[in-house]
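Welcome to the tour! Open your viewer, and we will go from one selection to the next.

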Amino acid sequence: MDIKILKEAALKFGTPIYLYDLKIIENQFDRLNKALSVLKNYKIHFAAKSLSNISILKFINKLGAGLDAVSIEEVMIGLKCGFNKNDIIYTPNGVSFEEIKKVFKLGVKINLDSIESIKDFVNEFGNQSITVRINPGIYAGGNNNVSVGHLESKFGITEDRMHELKDMEVKEKIKITGLHIHTGSDITNNNQFKEGIKKIFSIARDFKNIETIDLGGGIKIPYYDNDTSTNLNDYVEEVSKELNKFETKFNKKLKLIFEPGKFLVSDSGFLITQVNYIKSTSTKEFIQLNSGFNHLLRPNLYGSHHEVINLNNPEGRKKEYDVVGYICEKDTFAEKRKIPNTSKGDLICFRNAGAYCFNMASNYNSRPRPAEICFYKEKFHKIRKAEDLNDLLENQIDIFS
Ligand SMILES: *Cc1c(COP(=O)(O)O)cnc(C)c1O
C-alpha cells in the first residue's frame, strides 16, 4: 500500500488505527485460486479467527469463500454476514457439548476433534454424517504456540485412537464423510506439509464414506524481504499427487477444503501509530508509541516479526531502535531494529497487521481498542469505531453506587 494513503488515513482518522486494503485480500484470494485450480473440486474457507470484522467477512463471502469457524459466535457472525450454512465448517476444540449441539441444530458442518465429543454426539443425534479432525503427529508451524498437530498437542484425534472411530463407523453409529488436518501456522517447511498430506490421505483409506479432505490453513507468507514462504505450487502438486492416487485406487472423487487465515488477510492490514517520545538511555534509543501489546500482541506473545515503516521518513538513514509500547509491562514490538531516523510525532506503521492482530487486542491498562478502517475502491470506510472510556465501563457493575 502506498505510503501516501497510509498517511492520509492517519490524518483523517487519527492514531492508532488498523487499516485494511481490501484489494490485497482479493489479490491473495485470486492467487490462491489460481494455484489451486488444477485440483478442480475444492473450496476455500476463510479462517474467521484471524480477522472477523463483519465488513471484512462480507467482502470475503462475496469473493466466493466459505468460512472456518472455531466458536458458536464465529458461526453466528458468519451466518449474519451471509455465509450459507453449508459453507461454514465448525471446528471447535474442547468446547462444551451444549455448544456443539446448538451449532449442529443451526445446520452448519460439524468437524469434531475428540472421540469423547463424538460419543456424546452419537448419543444425542444417532447415526449422522460428520467430519473429524485428525492429529497427524507432526511438529509443524512457526513457533510453539501455533504448532498444533503434534502428539503432545490438544488438537485432533491421534492415530492410536483411530480404531475407536472405525469401530463406531462399522457399527453404524456414525458416518465419517471427511477428514481434517491443521498442523499449524506459518509452515515454512514444505516437507511438513507433505507429511501431513500423506498422512491424511493414508488415514482416509480406512473410511469408506469419505467425501472431503480438509487441509486446514498454515500457509506461510513472507514478513520481510527475503523471508521464507510456502511454495504454493509445490504444496498443490503434493496434494494433487496424493489425491490422484486415492481417486484412482478407490475409483471415487473427493472434494478438497482449504482454510487459510493468514494467507488471505495478513498482508492487507496495517497498524498505524504515532511516536510519543524518543527516549535515550546509556545503551539504547527507544521509540515510544501511542500503542502497545493491547493493540498488537503477536510480537510479545510469539516474538513475531512485523516490519516497521516510518511514514514521515521512509527512506531516511537507518539507526538501531527498540520500538516499544506504553503498556506497563514488557512491551516490545521490535528489538534492535534498524529503522530510518525517527522523531517525536512521526507516524510509525506495522505491516502484516491483518491476521491475528485486531482480533487479539484487549483493554489491558484500561486502554480502548482502536478503530478499524478499510480502503476499498480508492475510498476509506470506517468499519469499527474506536472505543472510549464509556466502552470500558459499559458492562461493569458498581455495587457501591
Ligand atoms: C487458525 C486455523 C486456521 C488458519 O490458520 P492460518 O495459519 O491463519 O492459515 C485454519 N483452520 C483451523 C482449524 C484453524 O484453527
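**Stop 1: two domains**

Start by colouring domain 1 (23-262) and domain 2 (266-391), the parts into which the protein chain is divided; these bounds come from an automatic or database domain assignment. This is a predicted model, where local features need pLDDT of at least 70, side-chain atom pairs count only at pLDDT 80 or more, and totals for chains, interfaces and linings use all residues. Residues are numbered from 1 along each chain as its sequence is written, and side-chain values use heavy atoms, leaving out hydrogens and water.

**Stop 2**

Between the C-alpha centres of domain 1 and domain 2 you will find 32 Å. Next, select the contact (heavy atoms within 4.5 Å): 21 residues come from domain 1 and 19 residues from domain 2.

How much area do domain 1 and domain 2 bury between them? The value is about 1800 Å², with 55% of it on carbon and sulfur atoms. Buried area is the accessible area (1.4 Å probe) that two parts lose on being put together, summed over both.

**Stop 3: the domain 1 side**

Select helix 2 (22-36) and helix 3 (54-63), which each supply at least two residues to the side of domain 1 that touches domain 2. Helices here are DSSP runs (H or I, at least four residues), numbered from the N terminus. Helix 3 gives the most, with three residues.
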